[in-house]
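Please have the sequence and the model up while I talk.

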Amino acid sequence: MRVLALILALIPLPAWSEFFTLKGHGGPIMGIATAPDGRIATASFDNSVGLWFDQMPEWLEGHEAAVNAVAFNGTAIYSAGDDFTLRRWPGGEVVGQHKGKIVHIAASKTHVATASWDGTIGLWPADGSDPTVLSAGGGVNAVVFTPDGSQLYSAGVDGALRLWDVASGQETLRVVEHGFGINELVLNAQDNWIAYGAVDGVTRIRDLTTGEERDFTLDRRPILALALSPDRSLLAVGDGEGYIMLIDTVDWRIAQDFRATLRGPVWALAFSPDGQNIHAGGIDEAMYSWPITTLREQEQMAAAEPSFLKNPDQMSNGERQFARKCSICHSLTPDGQRRAGPTLHGVFGRKAGSLPGYFYSDTLQDSDIIWNDETINALFDEGPDHYIPGSKMPMQRITQPSDRDDLIAFLRRATAPEN
């Protein structure tokens with residue numbers, strides 16, 4: 001690792017004043033973090049974290065499901081996701097675990113906080129001592145520490161924005177009671193405000209002394225990403241309809257509003273350390289970065305659409321079923337293309353859980369299933385949660401027998417070794 005770090009330190013970092021992309025993931029980009037030295041970490045649906053030095057990624061592998069969040073904290077990198085675990089890199093050891101997916105991470109000098117859909121917040125001490133679990137009563141979507149690490153803000157599906165005392169683990173203030181779930185938080189303690197974005201499309205900035213709010217809500221929903229520029233002059237907002245809005249926090253106006261994606265949402269945003277670029281991730285398998293000064297002039301994300309976004313009229317019914325149910329996790333090529341699930345190339349006649357190089361669940365690895373017409377049909381007839389309880393496959397069914405027949409016929413052709 002030390003040799004690799006020395007080599008990578010000699011590689012010039014990207015010029016952030018230019019438009020660029022970071023490609024290599026095999027699934028949507030769910031989270032982005034930047035380090036003061038210019039490194040970028042990307043969390044992806046493909047179960048991995050990409051650590052980028054220029055265009056050369058180091059892949060941090062170990063998660064057994066989609067990675068939703070990533071954060072730098074000193075010399076360490078933390079990541080968390082749908083496998084319920086918080087991991088620390090280098091090494092990838094599990095340093096925290098929930099009973100539900102983890103969707104957000106915040107770090108202070110003494111703790112790492114995790115927001116989980118199991119209804120709790122995990123406070124994991126950096127020194128490895130016993131964690132504290134805060135009960136929020138419902139799924140938690142976002143957490144952010146105050147600068148000194150003594151307090152923590154959280155937001156959840158119940159629409160509550162809470163303030164917690166880290167030392168005691170007690171809720172000390174209910175800051176906001178919003179009628180819809182709050183997805184995102186950004187704290188600007190120096191200027192004494194907090195911004196929040198919600199499921200119903202609300203984007204508001206709240207003065208922490210007076211409680212007065214500035215509203216920048218547009219007719220787009222939900223809000224899925226927020227990021228504050230290093231100089232605190234711009235607040236970036238990403239939504240479910242693919243737009244990035246930049247709010248000027250000096251004059252309190254919308255400085256830019258840009259359609260960033262051809263189709264699909266903006267799930268992740270981060271500014272470069274110098275504030276010149278805005279990085280964004282979405283349903284495409286790449287991270288995109290625009291110079292702030294030319295945001296309107298650059299190409300949109302997902303120029304080459306993934307199969308699950310293709311026009312369904314241009315596909316056979318079997319291919320449509322594959323695109324809708326399988327293609328975001330599985331490829332049809334021998335190399336697997338870094339997807340969240342193993343490649344389906346040569347799947348017929350293969351024992352379940354037997355493809356080398358993929359982290360299968362124990363349930364699937366220990367099963368006696370052989371993939372063929374009958375077992376694939378049963379998988380989608382009953383649903384993975386019933387056919388293989390405990391597997392990592394998402395819960396989904398194909399209820400029409402004719403649709404399952406068409407999918408199997410398509411897979412027969414598309415996964416044959418000669419193809």
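Cys 326 is buried, at 4% relative accessible area; buried means under 20% relative accessible area, exposed over 50%, and partly exposed in between, using a 1.4 Å probe and protein chains only. Before I go on, this is a predicted model, where local features need pLDDT of at least 70, side-chain atom pairs count only at pLDDT 80 or more, and totals for chains, interfaces and linings use all residues. Residues are numbered from 1 along each chain as its sequence is written, and side-chain values use heavy atoms, with hydrogens and water left out.

Cys 329 is buried too, with a relative accessibility of 12%.

Now the asparagine. Asn 73 sits in strand 6, residues 67-73; strands are DSSP runs of E, at least two residues, numbered from the N terminus. Asn 73 is partly exposed, at 21% relative accessibility. Which residues does Asn 73 contact, leaving aside neighbours within four places in sequence? They are Tyr 78, Ala 107, Ser 108 and Val 112, with contact meaning heavy atoms within 4.5 Å. For Ser 108, the backbone oxygen is 3.3 Å from a polar atom of the Asn 73 side chain.

Lastly, Val 175 is 102 residues from Asn 73 in sequence, and their C-alpha atoms are 27 Å apart in space.

Key. Helix = DSSP H or I, 4+ residues; strand = E, 2+ residues; numbered from the N terminus. Polar contact = N/O pair within 3.5 Å; in protein donor to acceptor, adjacent residues only side chain to side chain.
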